[in-house]
Amino acid sequence: MNQGSRIAPYAYVLPLVALLLFVFGYPVVRIFEFSFKMVRGIDGPWIGFRNYDLVLSQPLFWESVRHNLQLLLAVPCMVVWSLLIAVVLFDRLRGWKLYRVVLFLPYILAVPIIAVVMKKMFQFNGPVNEVLRWIGLDFLALDWIGSTDVALWTVMLLIIWRESALGIILFLARLLALDESLIESAKLEGASWWQRLRYVIVPQMKVVIEFYVVVSVITILSSVFSYVYMIGGGRGGPGTSTTVVELYIFNALIRTSLPGIASAVSAMLFLVSLLLIVPLFAVRRRANEEEVA
Amino acid sequence: MAGSETGFLARVRPDLALKHGVLGVAVLIALTPTVFMVLTSLKSEEEYTFNKVGPPAAPVLDHYRSVLFASDFFAWMGNSLVLAAGAVALSTAVSCLGAYAIARMQFAGRGLLFSVSTSLMAVPPVVMIVPLFVLYAQLDLISTYHGAILIYAGLITPFSVYLLTTFFRTIPRELFESARIDGAGDLRILVRIVLPLSLPALLTLVVVNALYVWNDLLIAIIFLQDDAKRTLMAGISVFQGRYGDQIPLTMAGMVFASAPMVILYIAFQKHYISGLMAGSIK
């Protein structure tokens, strides 16, 4: 019995370990190996840092990185918008539960679907520009999808539109769990709506806001492939104006068949994601503690 | 609560109007793409050229007919369903065993396994594709269900392990001890006691993970290149490439493609909302 129970735990975790080693362990080792090789087909000779040299000297790579960084500007917009809506919902006006169901809808729709719809809406002669011209905002009727200067901002709008839905729900859940006696007593002491928000409510939401910021940063640096793939016609277009790091890796692997180059970029992205794990763990732990307390 | 609000009402009315106004704008922004999609899908191609914003003057169902009978949407949905079901089943089975051991058994490396597995939630899937693609090309696993299911199952498993382990730890120790005194082994405890108590967590897990697989585009277009194995999301990309100029037809396709998830959402709002919050990292 004793002997059996000493070995038993390993039998329970064996499938888990095997699956994680196959899908994460093996690729992580191989991307580092490939990144130092000139891979043709399935393997190739060692070439030192030449893949890295090539990538780092290529303007398109830096342009992709810059696009990911520019998309990070979406995060403050998402936080402010979600916070505003969550706080107004928290006042529990008539019908707030219905509002909540509707406001979460953007997060239910799959990114490729919504990207196709938005692409048609934002066409140069599409309905968005038609409405803008109709209300006299002609200067805003841009070539949202087709202009190299504007396309990435359109992608950003779409990201804000969809990812804010998650922020609203997360923030509202935290608000509903707040100790409302504090808010009540602030109200009794004559604090205005804005003062209550600024000095009572937002400070108590610090942890959930941090959590949302970290999760959103990770999303934007590493999971915006479907947005740009669909909006940019599969190529990060027009031109290279919406290419991001994920698409760079995809193109290097699938379109130009250079696994070595794709691996060098993957390895760098992997290292960046490791850096993000630290803050993620910290905010997750604090968020969990807060729920218990 | 209601009483104090009505007492306030006389004084805060402009305030209240402003709040309803803010929510109204938010609802408008959230719903506009869906409304546009549905209205446009009912317009004829000519009508759309002069009526892009308003409701259809003469609604037509032709586009839905084309989508239903002359496109591959059903086949794509079938493929997505197979992948989601396979990956969720595999990941859930593996994670239940693993999480049970991590939560309730003593063994060397337990803490390490849990923290490494949890950290993997923050690692972008795109990092894994190059070596797996090269390996799959070599093993002839490209465009096979089992090959893609294995990758999807792996990608969703860190979240499953995290959620199940934290849930299993909340189950009172006495339940385990009394079952053990009755002579039950670990597997029996897991199946008969732990899993029935974990139904809410399991439901959340299924929702989040199935949605991840169903909505994924990256893995689908790389590892399922064969037309016959194409998933719904990859199919949408093909569909818009082929019929992108026929906007009402495209919109009918999008309405049809989003229908399953929207219907499930309306039916199971609570599980969706709590599940997606828990899985917000995915």
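**Figure 1. The buried residues of helix H14 of chain B.** In this predicted model, helix H14 (residues 269-278) of chain B has Tyr272(B), Ile273(B), Gly275(B) and Leu276(B) as its buried residues. Buried means that 20 or more other C-beta atoms lie within 10 Å of a residue's own; with 12 or fewer a residue is exposed, and in between it is partly exposed, the C-beta atoms being placed from the backbone. Helices here are DSSP runs (H or I, at least four residues), strands are E runs of at least two, and both are numbered from the N terminus. What covers the buried residues of H14(B) includes helix H5 (96-108) and H8 of chain A, as well as helix H10 (199-215) and helix H13 (247-267) of chain B. Residues are numbered from 1 along each chain as its sequence is written, while chains are lettered from A and ligands numbered from 1 in the order in which they are written. Because the model is predicted, local features need pLDDT of at least 70 and side-chain atom pairs count only at pLDDT 80 or more, whereas totals for chains, interfaces and linings use all residues.

**Figure 2. Where chain A meets chain B.** Here 75 residues of chain A are in contact with 71 residues of chain B, where contact means that C-beta atoms, placed from the backbone, lie within 7 Å. On the side of chain A that touches chain B, helix H1 (residues 2-35) of chain A gives the most, with 17 residues. By class, that side of chain A has 62 nonpolar, eight polar and five charged residues. Nonpolar covers Ala, Val, Leu, Ile, Met, Phe, Trp, Tyr, Cys and Pro; charged covers Asp, Glu, Lys and Arg; the others, Gly among them, are polar.

**Figure 3. The largest nonpolar core.** This core has 177 residues, and Ile159(A), Tyr227(A), Val265(A), Ala87(B) and Tyr152(B) have the most contacts inside it. A nonpolar core is a set of buried Ala, Val, Leu, Ile, Met, Phe, Trp, Tyr and Cys residues joined through C-beta atoms within 7 Å. Helix H8 (residues 151-176) of chain A supplies the largest share of this core, 16 residues. Look next at Ile159(A): not counting residues up to four places away in sequence, Ile159(A) touches Leu71(A), Ala74(A), Ile220(A), Val224(A) and Tyr227(A).

**Figure 4. Two helices of chain B side by side.** Helix H4 (residues 73-104) and helix H7 (residues 145-169) of chain B pack at an angle of about 35°, and their axes are 6 Å apart. The axes are lines fitted to C-alpha atoms, for helices over the stretch in contact, and angles run from 0 to 180 degrees between N-to-C directions. The contact of H4(B) with H7(B) has 19 nonpolar, eight polar and two charged residues. Helix H7 of chain B also holds Thr166(B), which is partly exposed because 16 other C-beta atoms lie within 10 Å.

**Figure 5. The two domains of chain B.** The domain assignment of chain B gives domain 1 (2-61) and domain 2 (66-278), with bounds that come from an automatic or database domain assignment. Taken over C-alpha atoms, the centres of these domains of chain B are separated by 34 Å. Their contact takes eight residues from domain 1 of chain B and seven residues from domain 2 of chain B. Helix H1 (2-41) and helix H2 (45-50) of chain B are the elements that give two or more residues to the side of domain 1 that touches domain 2. H1(B) brings the largest share of that side, four residues.

Technical notes:
Contact = placed C-beta atoms within 7 Å.
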